[in-house]
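Morning, everyone. I'll walk through it piece by piece.

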Amino acid sequence: MNKIIFCKVCKNSKVYPYLDLGLQPRANSFLKNNKNCYEEYYNLVIGRCKLCGISQLLFHPKKEKIFRE
């Protein structure tokens, strides 16, 4: 899991969390009806840049976890 350190738009280092929805499963990751399936959960925290005001996710999974091809 990668944590955002700088704003994605203006590269400012002052990005503050304002909405924490806790651990959430990835969207559109359907599990088979199998008791042995493991579902991964990720931090869903939204932050706001103090300089440009844009809202952005503060954590995102590694691209290998999201895209398979």
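S3 and S4 form a hairpin, with five residues between them. In that turn sits Gly 53, with a positive phi of about 85 degrees. A word on the naming: strands (E, at least two residues) and helices (H or I, at least four residues) are DSSP runs, numbered from the N terminus.

Before going on, two notes on the model. This is a predicted model, where local features need pLDDT of at least 70, side-chain atom pairs count only at pLDDT 80 or more, and totals for chains, interfaces and linings use all residues. Residues are numbered from 1 along each chain as its sequence is written, and side-chain values use heavy atoms, leaving out hydrogens and water.

How many bridges join S3 to S4? Three, and the two strands run antiparallel. Two strands pair if DSSP finds at least two bridges between them. Strand S3 covers residues 41-49. Look at Ile 46: it stands opposite Leu 57 in S4.

Now the other partner of this pairing. Eight bridges join S2 to S3, again antiparallel. Here Leu 19 stands opposite Ile 46 in S3.

Three of them form an open sheet in the order S2-S3-S4, with antiparallel pairing. Which strands stand at the edges? S2 and strand S4 (55-57) do; each has a single partner strand, so one side of each is left without a neighbour in the sheet. The twist averages 20 degrees from one strand to the next. For that, axes are lines fitted to C-alpha atoms, for helices over the stretch in contact, and angles run from 0 to 180 degrees between N-to-C directions.

Next, Leu 44, in strand S3. The cut-offs: buried is under 20%, exposed is over 50%, and partly exposed lies in between (1.4 Å probe, protein chains only). Leaving aside neighbours within four places in sequence, Leu 44 is in contact (heavy atoms within 4.5 Å) with Leu 19, Asp 20, Leu 21, Gly 22, Gln 24 and Leu 57. Leu 44 and Leu 21 are 23 residues apart along the chain, yet their C-alpha atoms are separated by 5.4 Å.

On to Leu 19. Its place is in strand S2, residues 15-25. Leu 19 is partly exposed, with a relative accessible area of 34%.

Compare Asn 12. Its place is in the loop between strand S1 (2-3) and S2. Why does Asn 12 count as buried? Because its relative accessible area is 17%. Beyond neighbours within four places in sequence, its contacts are Ile 5, Phe 6, Cys 7, Cys 49, Lys 50 and Leu 51.

Finally, the whole chain. The secondary structure comes to one helix and five strands. From the N terminus on, the elements run β-β-β-β-β-α. Of the 69 residues, 19% count as buried. Take contacts between residues at least 6 apart in sequence: 58% of them join residues at least 24 apart.
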